[in-house]
Structures are given as C-alpha cells and as structure tokens.
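Open the model in your viewer and keep the selection tool ready.

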Amino acid sequence: MIKFRTRLLIGLLTLIITVLVGLGILLGQLFKSNYIDTYNGRLQKELNLLTIYIENSGGIASIKNEDVMSISHSLNLRLVITNDKGTIIQDSEGTDKSGLNGIKENINQVIKKRSKKETILVEHDEYDLHYSWKPIMNNGQREGFIFAITKMSELKNAYGQIWWILSISLGIAFIAIFFQGIRITARYTKPIEAATNVAIELAKGNYRARTEANELNETSALSTSINVLAQNLQQMAKAQEMHQDRLTALIENMGAGLLLIDSRGYINLVNKGYIDIFHVDAADYLDNLYYDAIEHEDVCDLIVQVFRTEQKVSKHLRLSLSIERKYFIVYGIPIIGSNNVWKGVLIVFHDITEIKKLEKMRKDFVANVSHELKTPITSIKGFSETLLDGAMNDKETLEYFLSIILKESDRLQSLIQDLLDFSKIEQHEFKLHLQEFDLVLLLKEVFTLLDSKAEAKEINFEFEFNREQFFIQGDFDRLKQVFINLIGNAILYTPLKGRVKVSLFDNKKNARIHVIDSGVGIKKEEIPRIFERFYRVDRARSRESGGTGLGLAIVKHLVEAHHGNIEVRSNVGEGSEFIIELPKYVNEPGRGK
C-alpha cells in the first residue's frame with residue numbers, strides 16, 4: 001500500500017511538472033513569436049533602406065553586382081533584385097547557384113499573387129527559406145522587387161537556444177521545488193501518518209499507543225488530540241476492564257449457581273458456581289435453548305413461570321445429582337430494560353444442602369440427647385419410687401437398687417461431661433495448650449489406666465515401639481483423652497481372650513499410631529458415620545457398657561485440631577484398625593470446629 005506521503009508527493013510533483021511544462025510551452029511560443037516579429041521587423045527596415053538607396057541611386061539599372069554582394073555580405077542575407085515581371089537581375093550568390101530554379105518559382109508566385117504580406121516561408125527537403133521583399137519604385141512606377149532570402153537553420157538555432165535556456169531554467173526550478181516539496185510533505189505528512197498509525201493501533205485495542213508532537217504547528221494540534229483521545233480511551237479501557245474483572249470475580253465466586261437466559265430462551269452465561277454444583281460443561285449450555293440444556297423439569301417449569309408472569313419467583317427444590325440429592329433455593333428474576341423492553345431471565349441457585357443436613361443433625365442431636373438422658377433418669381426415678389414404696393426396708397433389695405441408681409447416675413454424669421467437652425471443642429474459643437512431650441510416656445500412662453479392663457477380659461494387650469522416647473508437640477491432656485477413647489473402645493468391642501495392639505511409628509515429619517483389635521468389626525457402609533455424634537454400631541452393647549456415643553466424635557475433632565488425620569480399616573468379624581497421624585510440630589494452635 002502506497003503511503004500517504006508518497007501519494008501526496010506524487011500528486012504535487014505531477015502538478016508541478018504539468019505547470020512547468022505548460023509554462024515552458026507558453027514561454028517558448030512567446031519567445032518564438034517575439035523573435036520572429038523582431039527578425040521580420042529588422043528585415044523590413046533593412047529592405048526599406050535598400051529600396052530607398054536603389055531608388056535614390058537611379059533605379060535597378062544603376063545597381064552594380066559588386067554593390068549587391070557587398071550589401072549581402074554585410075547583412076548576412078541573400079539579396080535578389082528582379083524586374084516587375086520577376087526576371088532576376090541581380091543575385092548576391094550568382095545566377096548559376098544551385099536552387100536558382102526554385103527561387104525563381106517562389107519569386108514568380110509572390111509577384112503573380114500580389115500578396116499584401118511581405119514575408120513568406122518556403123519549405124525544402126534540406127532546409128527552409130524565408131522570403132522578405134519590397135517593391136522598387138522609379139518615377140512613380142514599380143520597376144521591380146528586392147528580395148531578402150535567409151535560411152531558417154539560423155532561426156532554428158535561435159529557437160534551440162531559447163528552448164535550452166527555458167529547459168535549464170525550468171529544470172533548476174523543478175529540482176528546487178522537488179526538494180522543497182519533499183521537505184514540506186515530510187514536515188506536514190509525518191505527523192498525519194503517525195496519527196494514522198496511532199488511530200490504527202487504537203482500533204486494534206492498543207490504547208498505550210502515542211504519537212510525538214514536538215513542533216508547534218498545525219499538525220501538533222492533531223497529534224495532541226490523538227494523544228488525549230488515546231489517554232482517555234486507555235483510562236476508559238482500564239476502568240471497563242476493572243469493572244469487568246470485578247463483575248466476573250463476583251459472578252464466578254458468588255457462592256451460588258447462576259444462569260442468564262435471553263428473551264429468546266438461549267443461555268448466555270453460566271458461572272463457575274453452577275458448573276461446580278451440577279458438574280456440567282459450559283459448552284453444553286452456552287448458546288443453547290434452556291429446555292434442551294437443563295435436565296431438571298422443576299427448573300424448566302420455574303423458568304417458564306417467570307417468562308409467563310414476568311414476576312420474581314422463588315422455590316425450594318430437591319434435585320437428584322448423580323447418586324446424591326441436594327436441596328436448593330432457586331430464584332427466577334425477570335430482566336426488564338428501559339421502556340419495558342424484555343431482556344431475559346436470571347436464575348440463581350443457592351445450595352442449602354448443608355443447612356438441611358445441619359438442621360437434621362440438630363434434630364437428631366436433640367432426639368438423641370433426649371433419648372440418652374431419658375433412659376438413666378427413668379431408671380433412677382423408677383427405682384427411687386420403688387424404694388419409697390417400701391422396698392427400702394429390704395436391705396438386699398435396697399443395696400441392689402442403690403447400685404443401679406449409682407450406675408445410672410455415673411452414666412448420666414459421663415454423658416453430661418462428654419456433652420460439655422464436645423461443646424467446648426466445637427467452640428471457636430477452644431485452643432490447644434501446646435507443649436513438647438514424650439508420646440511413648442503418654443501411651444504407657446493410657447496402658448496403665450486401661451490394663452485392668454484388659455485383664456478382666458483376658459485380652460492380650462501389646463505395645464510395639466522400638467524407641468524409648470518419641471517427642472512431639474501437642475496438647476498432652478487432649479491427646480491422652482483421644483487414646484483413652486480409642487484404646488478403651490478397642491477393649492470394649494474385643495471379645496474375651498482377644499487381642500489389642502498399639503503400634504507407634506516414626507514417619508519422618510509425622511507420628512503414626514495404629515490401634516488394632518480383634519473385635520466384632522464394622523460394616524463398610526457404617527464406617528463413614530462412626531464419627532457422628534450419638535452414632536453407635538451396636539447400640540445395645542454400647543448402652544450396656546455405659547457409652548454415650550460421643551467418644552469417636554470427640555476423638556476426630558481433637559485429632560483435626562492438631563492438624564492430624566484419622567483413618568479406619570475394618571471388616572465384620574475380623575476386627576478394626578484405627579490409624580492416627582499427628583505432626584511432630586504444630587505450627588499454629590489448633591481450634592475446635
């Protein structure tokens with residue numbers, strides 16, 4: 001593509017060349033006409049003088065050939081004198097010269113035509129001749145003619161000199177104008193080209209492009225305006241980008257699923273929340289009709305309702321997603337622009353599954369606590385009433401009932417204590433009292449506390465560790481509570497003459513504790529629930545043993561508070577294995593959940 005500067009320069013040079021050529025032709029013609037007029041005037045004056053000289057000398061007969069030749073040589077002309085009929089009397093070049101016949105013919109034509117013009121141009125093959133003449137009068141009668149004949153080669157040489165002078169002058173003028181034109185076009189078109197390039201970059205979206213405006217002339221205003229425009233566009237683009245980023249971040253991280261449907265029913269936007277909730281691909285939704293993309297009829301019905309009523313609609317929906325069911329509050333919001341122009345529908349999905357679970361958990365917790373409290377209270381009340389009715393007079397019955405009341409009171413106290421501990425652990429104010437201690441020593445103390453229970457069931461109680469000391473950082477009392485619960489449960493659910501083994505391993509950055517028993521085991525479908533509050537695998541045996549159903553829930557919270565992890569492996573009839581990983585050093589104090 002030819003640059004603007006080149007096109008402007010070509011146009012300017014074309015105009016200049018046209019003007020100069022036209023001016024040269026005009027001046028050449030003027031110079032030629034002026035030269036010819038001057039030449040003819042000179043000849044006429046010379047012929048007038050010669051005519052007067054001949055007439056005063058006595059006529060044609062008195063003129064000698066020597067005089068004619070002398071005058072011809074002085075004037076650099078060929079002089080021919082004829083009589084009235086055209087017969088040549090005198091010729092400065094002699095009557096035997098070549099071309100005489102042609103001269104005679106031309107002279108005869110001039111005399112016969114009696115032309116009022118006193119000049120004539122006759123063309124020949126070798127050269128052209130110019131004739132000028134005057135009649136010679138004697139006593140009032142025309143005696144003859146005098147002709148001045150010149151070759152046009154001299155006139156052509158004069159023309160050539162004129163054209164050379166014009167050509168050189170016009171060439172110098174052209175060169176001067178050419179370089180001045182380059183300078184002018186460069187000066188005035190360079191800023192325009194720079195402004196054009198900046199405008200192209202701005203059209204491409206490059207708002208950082210700028211043009212230089214050094215000179216204070218007409219083009220500097222254009223450069224300044226372009227730069228101001230670019231700066232304003234850059235600021236607008238930054239603001240737009242900032243708003244777009246904020247809007248995108250808000251839409252993508254709003255914690256809810258969002259669909260934007262236009263007035264024709266096509267889906268224009270699907271946010272990350274919706275994709276994460278429903279595990280779909282955005283390409284299957286964008287630019288597709290909502291009833292083709294959305295599988296759930298309840299959602300489609302809600303969208304149809306918004307389209308029909310043009311009113312905000314909200315519903316509680318339970319939707320099946322793969323193998324699970326989730327609960328949502330779904331809002332359908334009509335989008336109406338200015339002048340009541342219908343734009344589309346916005347659908348927002350709020351996942352309330354966790355809220356539903358927490359609500360159910362709360363109800364279960366209240367029911368479980370009420371059930372757990374009801375049993376010992378009922379037993380205490382029933383045996384107390386029986387004693388008051390007269391059974392206390394029987395010493396043996398009295399001691400038996402009082403032992404039952406004591407047992408139920410201990411169970412009630414244990415339940416309340418576990419509830420208090422669990423409540424403290426779940427509070428945000430709960431903090432661990434971190435210290436460095438010997439984990440081997442802690443496990444030995446737990447063994448000492450539970451050894452009697454193991455002996456009562458004749459259980460083989462083993463502790464495996466190949467080091468005398470193992471120091472970690474943690475809350476000594478809380479971790480002691482963890483291992484009392486775990487090892488106590490292992491003894492509880494292990495039959496007579498069974499085996500309980502505790503192994504401690506140094507796993508580089510972590511301490512790994514395995515609590516293995518040969519008890520009844522746990523079904524695989526029940527393993528994910530054993531850490532729930534009040535959940536019991538064997539409710540009858542747990543209640544008979546005085547268990548509250550909160551022990552493993554407390555264990556899980558305390559392990560996670562130490563940034564640790566607990567894992568369970570078990571098969572029915574083959575026993576269970578609880579694996580606890582604790583970091584040797586806790587960087588931040590743990591908190592209860």
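The tour goes from a surface patch to a salt bridge and then to a pair of helices.

This is a predicted model, in which local features need pLDDT of at least 70, side-chain atom pairs count only at pLDDT 80 or more, and totals for chains, interfaces and linings use all residues. Residues are numbered from 1 along each chain as its sequence is written, and side-chain values use heavy atoms, with hydrogens and water left out.

**The patch.** Select Ile17, Val21, Ile25 and Trp163. They make a nonpolar surface patch of about 360 Å². (Patch residues have over 30% relative accessible area and no salt bridge, and their nonpolar side chains are joined within 5 Å; areas come from the Shrake-Rupley method with a 1.4 Å probe.) Helix H1 (residues 4-57) gives the largest share, 3 residues. Ile17 lies in this helix. (Helices are DSSP runs of H or I, at least four residues; strands are runs of E, at least two.)

**The salt bridge.** Now pick Lys326 and Asp351. Their side chains meet in a salt bridge, 3.8 Å from N to O. (The rule asks for a Lys or Arg side-chain nitrogen within 4 Å of an Asp or Glu carboxyl oxygen.) Lys326 is in strand S9 and Asp351 in strand S10, so the pair ties together parts 25 residues apart in sequence.

**The helix pair.** Finish with H11 (residues 439-456) and H12 (residues 476-492). Their axes, lines fitted to C-alpha atoms over the stretch in contact, come within 10 Å and cross at roughly 40 degrees.

Conventions:
Axes fitted to C-alpha atoms, helices over the stretch in contact; angles between N-to-C directions. Patch = residues over 30% accessible without salt bridge, like charges linked within 9 Å, V, L, I, M, F, W, Y side chains within 5 Å.
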